[in-house]
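Please look at the sequence and the model first, then read the notes below.

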Amino acid sequence: LVPLPLVPPPALHTCQGLAPCLPEKGQVNTSGPRLLLATLHPASGSSAAMDRIFSALLLSLLLLLQSYGVCGAPPQPRGTLCRTKPTDLVFIIDSSRSVRPHEFEKVKVFMSRVIEGLDVGPNSTRVGVINYASAVKNEFSLKTYQTKAGLLQAVRRIEPLSTGTMTGLAIQFAISRAFSNSEGARVRSPNFNKVAIVVTDGRPQDGVQDVSARARAAGIEIFAIGVGRVDMHTLRQIASEPLDDHVDYVESYSVIEKLTHKFQEAFCVVSDLCATGDHDCEQICISTPGTYKCACKEGFTLNSDGKTCSACSGGSGSALDLVFLIDGSKSVRPENFELVKKFINQIVDSLEVSDKQAQVGLVQYSSSVRQEFPLGQFKNKKDIKAAVKKMAYMEKGTMTGQALKYLIDSSFSIINGARPGVPKVGIVFTDGRSQDYITDAAKKAKDLGFRMFAVGVGNAVEDELREIASEPVAEHYFYTADFRTISKIGKKLQMKICIEEDPCECKSIVKFQTKVEDLINSLQR
């Protein structure tokens, strides 16, 4: 038995004549290992015992390859992402005089986006639309259209009424007419949801409290969306409990479309195979409709088999200088600022903090810029998180450009704890339009090699977020309409800021080849 050299095929890269290069990040390429196994054949005339040795060797190598995980491999879905529970859904849309024609077009886009995420059909979700002002107009009922295409065409044809604001009358119409059997509503059952989405931008000219209570008592779940100068007390009278989940506010119709994702999630139902134990995930099972996908705990990444996990040696333990740039303007509001602090600490929890690994700095900005603490001031997670919790809310303007300039000139300077040659990562968090110019500073940060993430909430301007974010922008830019959902962005960022080891570096190849040679040598002995 003589170990033969590993000879890569022409299609594979080589590292100075060593073993075949491993696959690109997130991919699995078995060409190299298969080539290795193909070279290990016993000479003719070998005994049955030698055949058993080779069988054992092959098994050992297969186990070795199976354990050699790909750092950063994404969860592997095993089916469709989501199906919506059968629902009778009625939009109740304010088209009073205060809603300008171009703003009403934004409402139609919002409805269309929600409909696009639904499973539409006679046995799944049915959709109706009530248009109201001083009077109520039934644009189409739950039984009118049974296809998504038909619904979308009908929404495009809706015109505003442009008179008063009789919100209570519209809700009463929904109870007595839109959700009636004659209009296509199904009999109340645990198998079906009855949902109304009310969109309004003003104070109603009639009462809404009693009629909304009757609607909720009839089993209708009500979401209330307010725009601009809407009366928030009215929204709370309309909406179902819990109010935090059923009341939404946007500053203008130009950003209402950003609520689409929330409603797509609200209508999604999951068949929980994870709860029944019908899965083979090593660490975390995530249910999807009728199926599941696997994920890993913090500090681990999913292997190429989509089931098992391994520690990411080039991940959270790598040297990293990370600075948070946090919007503390008055539009954030104190209660939301506390959620931002939790968001910061959520990411800190995923890091290995020390002099040789991750360092964290924190800067808050509003009309001015304030360094909360520089890189390297705190040597462990506990102290960093305590300092974040103590951060006081500035509550003024939104000078994002000035803050970016501070990040470049001060936060990542050696005098403020930055280490030469260590990757620099900036996470910019904002909830509104910058009051100064950001283009030059955003470009300079990226030109200097800083990896920039942009996180926007609420009324954040997406064009500004994209301008701040590094390339590829889709992987460095995040938006959510609601502060309560920023923890989901935090989970995504925990993996994004991992500085991954290149599996094609020669050091990795040598390590892999050494393991194989050790196995062969032990068999020879």
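Why does phenylalanine 412 count as buried? Phenylalanine 412 counts as buried because its relative accessibility is 9%, where buried means under 20% relative accessible area, exposed over 50% and partly exposed in between, with a 1.4 Å probe and protein chains only. This is a predicted model, in which local features need pLDDT of at least 70 and side-chain atom pairs count only at pLDDT 80 or more, while totals for chains, interfaces and linings use all residues. Residues are numbered from 1 along each chain as its sequence is written, and side-chain values use heavy atoms, with hydrogens and water left out.

Helices (H or I, at least four residues) and strands (E, at least two) are DSSP runs, numbered from the N terminus.

**Aromatic rings**

- The structure holds seven aromatic pairs; rings of Phe, Tyr and Trp (its six-membered ring) pair if their centres lie within 6.5 Å, and planes under 30 degrees apart count as stacked, over 60 as edge-to-face and the rest as tilted.
- One of these pairs is formed by phenylalanine 343 and phenylalanine 429, tilted, with 5.4 Å centre to centre and 50° between the planes.
- That pair links distant parts of the chain, since phenylalanine 343 is in helix α11 (residues 334-348) and phenylalanine 429 is in strand β16 (residues 424-430), 86 residues apart.
- Both phenylalanine 343 and phenylalanine 429 are buried.
- Phenylalanine 412 and phenylalanine 450 form another tilted pair, at 4.6 Å centre to centre and 50° between the planes.
- This pair too links distant parts of the chain: phenylalanine 412 is in the loop between α13 (400-411) and β16, and phenylalanine 450 is in the loop between α14 (439-447) and β17 (451-457), 38 residues apart.
- Phenylalanine 450 counts as buried because its relative accessibility is 11%.
- One aromatic cluster is made up of Phe110, Phe223 and Phe263.
- Over the face of phenylalanine 263 lies lysine 262, at 5.5 Å from the ring centre; a charge sits over a ring if NZ of Lys or CZ of Arg is within 6 Å of the ring centre and within 35 degrees of the ring normal.

**Helix α14**

- Ala441, Ala442 and Ala445 are buried in α14.
- These residues are on the same side of α14 because they cover an arc of only 100° around the axis, the arc being that of the directions from the helix axis to the C-beta atoms.
- An α-helix has 3.6 residues a turn, so residues three or four places apart point the same way.
- The exposed residues Asp440, Lys443 and Asp447 are carried on the face of α14 turned away from its buried side.
- The cover over the buried residues of α14 includes α13, β17 and α15 (462-468).

**Serine 434**

- Serine 434 is placed in the loop between β16 and α14, and it counts as buried because its relative accessibility is 8%.
- Its side chain reaches the backbone nitrogen of threonine 400 at 3.3 Å.
- The side chain of serine 434 also makes a polar contact with the side chain of aspartate 436 (2.6 Å); a polar contact is a pair of N or O atoms within 3.5 Å, where within protein one must be able to donate a hydrogen and the other to accept it, and residues adjacent in sequence count only if both atoms are side-chain atoms.
- Leaving aside neighbours within four places in sequence, serine 434 is in contact (heavy atoms within 4.5 Å) with Thr398, Met399, Thr400, Gly401 and Glu464.

**Hairpins**

- Strands β14 (residues 358-365) and β15 (residues 369-373) run antiparallel and are joined by four bridges; two strands pair if DSSP finds at least two bridges between them.
- Glutamine 364 has arginine 370 in β15 as its bridge partner, and β14 and β15 form a hairpin with three residues between them.
- Strands β3 (residues 126-132) and β4 (residues 136-140) pair in the antiparallel sense over four bridges.
- Opposite asparagine 131 stands lysine 137 in β4, and a hairpin joins β3 to β4 through three residues.

**Backbone exceptions**

- Most residues other than glycine have a negative phi, and most peptide bonds are trans.
- Glutamate 241 and proline 242 are joined by a cis peptide bond, with omega about -10°.
- Glutamate 471 and proline 472 are joined by a cis peptide bond, with omega about -10°.
- Serine 162 has a positive phi, near 60°.
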